[in-house]
Amino acid sequence: MSILNIILIVLVAFLAGCEGILDQFQFHQPLVACTLIGLVTGHLKEGVILGGSLQMIALGWANVGAAVAPDAALASVASAIIMVLALGGGSANVNSAINTSIALAIPLSVAGLFLTMFARTLAIPLVHSMDTAAETADFAKIERLHWTGVVMQGLRIAIPAAILCFIPPAIVTNALNAMPSWLTEGMAVGGGMVAAVGYAMVLNMMSTRETWPFFALGFVIAAIDQITLIGLGVIGVAIALIYMALKSLAQSGSGSSGGSGDPLGDIINDY
């Protein structure tokens with residue numbers, strides 16, 4: 001891995017760490033971070049595949065109240081670097097490298113959770129310093145302290161990423177090749193099953209009586225092989241527009257009297 005590759009990877013890792021708290025450009029999302037690392041290292045296709053797989057796992061990761069979600073930024077960046085190192089060794093199987101990286105994403109996300117909690121603990125004195133600066137209307141100092149907190153979040157991902165980049169690719173490749181087939185196949189199966197956890201977490205937050213019919217309908221339509229992803233997208237948009245039109249009609253009073261404003265909910269309640 002060249003010095004330019006390492007610099008670009010560290011830059012992507014830094015942006016991913018910052019976006020973990022900013023949420024402006026979504027650099028911390030697996031699909032974005034893994035794709036960018038794959039792009040700067042010459043493994044764009046593999047990066048997209050890894051990012052897409054990890055994105056399914058991270059669908060339900062969200063901060064709720066005081067509960068902090070697993071760190072998608074470190075999981076994405078570190079697993080992508082490990083995949084690139086494995087592929088850089090030249091002897092690792094592509095599927096094996098991707099499946100192993102997916103399997104390592106979960107423990108990496110937990111490690112990132114401790115790092116982000118550590119960074120936020122260090123940021124507490126910054127808040128007190130901003131309170132003091134606010135008393136004297138020193139807005140320039142407040143802005144500098146804000147940027148210090150953001151940079152701190154970026155470094156919590158950039159530093160581990162830089163350390164990983166200096167691991168010789170041969171070590172990662174030899175470790176993958178030394179794995180028995182039952183372990184690599186188990187990782188492949190486990191990686192596929194973990195993706196279902198992301199869907200389950202999203203369903204747990206979004207499931208209502210009104211949305212379950214759409215969920216069931218989506219599974220039925222997706223089972224039709226002749227329909228492409230573009231076709232599924234068009235069907236989804238059409239159903240959403242129909243639902244919004246029915247809901248608007250019910251709210252305007254043109255629908256059935258005494259309704260709740262949710263046509264599908266009214267139909268279900270009738271039963």
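In which loop is Gln26 found? Gln26 is found in the loop between α1 (3-22) and α2 (30-41), and the legends below place this residue among other views of a predicted model.

**Notes to all views.** In this predicted model, local features need pLDDT of at least 70 and side-chain atom pairs count only at pLDDT 80 or more, while totals for chains, interfaces and linings use all residues. Residues are numbered from 1 along each chain as its sequence is written, and side-chain values use heavy atoms, with hydrogens and water left out.

**View 1. The protein chain has 12 helices and zero strands.** Helices (H or I, at least four residues) and strands (E, at least two) are DSSP runs, numbered from the N terminus. From the N terminus on, the elements run α-α-α-α-α-α-α-α-α-α-α-α. Of the 271 residues of the protein chain, 34% count as buried; buried means under 20% relative accessible area, exposed over 50%, and partly exposed in between (1.4 Å probe, protein chains only). Contact means heavy atoms within 4.5 Å. Among contacts between residues at least 6 apart in sequence, 71% join residues at least 24 apart.

**View 2. Gln26 and Ala137 are loop residues with positive phi.** Phi of Gln26 is near 60°, a positive value in a residue other than glycine. Gln26 is partly exposed, at a relative accessible area of 30%. Ala137 lies in the loop between α6 and α7, and its phi is likewise near 60°. With 43% relative accessibility, Ala137 counts as partly exposed.

View 3. Leaving aside neighbours within four places in sequence, Asn5 is in contact with Val40 and Thr41. Asn5 and Ile37 are 32 residues apart in sequence, and their C-alpha atoms are 8.9 Å apart in space.

**View 4. Helix α4 (residues 72-88) packs with helix α7 (residues 139-165).** Their axes come within 10 Å and cross at roughly 10°; axes are lines fitted to C-alpha atoms, for helices over the stretch in contact, and angles run from 0 to 180 degrees between N-to-C directions. This makes α4 roughly parallel to α7, where angles under 35 degrees count as roughly parallel, over 145 as roughly antiparallel, 65 to 115 as roughly perpendicular and the rest as oblique. In α4, Ala73, Leu74, Val77, Ala78, Ile81 and Leu85 meet Ile157, Pro160, Ala161, Leu164 and Cys165 of α7. The residues of this contact divide into 11 nonpolar, no polar and no charged. Ala, Val, Leu, Ile, Met, Phe, Trp, Tyr, Cys and Pro count as nonpolar, Asp, Glu, Lys and Arg as charged, and the others, Gly among them, as polar.

**View 5. Helix α6 (residues 124-135) packs with α7 at an angle of about 170°.** The two axes are 9 Å apart, and α6 and α7 are therefore roughly antiparallel to each other. Leu126, Ser129, Met130, Ala133 and Ala134 of α6 make the contact with Lys141, Ile142, Leu145, His146, Thr148, Gly149 and Met152 of α7. Seven residues of the contact are nonpolar, four polar and one charged.

**View 6. Cys18 and Cys34 are both buried.** Cys18 has a relative accessible area of 7%, and Cys34 has a relative accessibility of 1%. Taking a disulfide as a pair of cysteine sulfur atoms within 2.5 Å, the count comes to zero disulfides.
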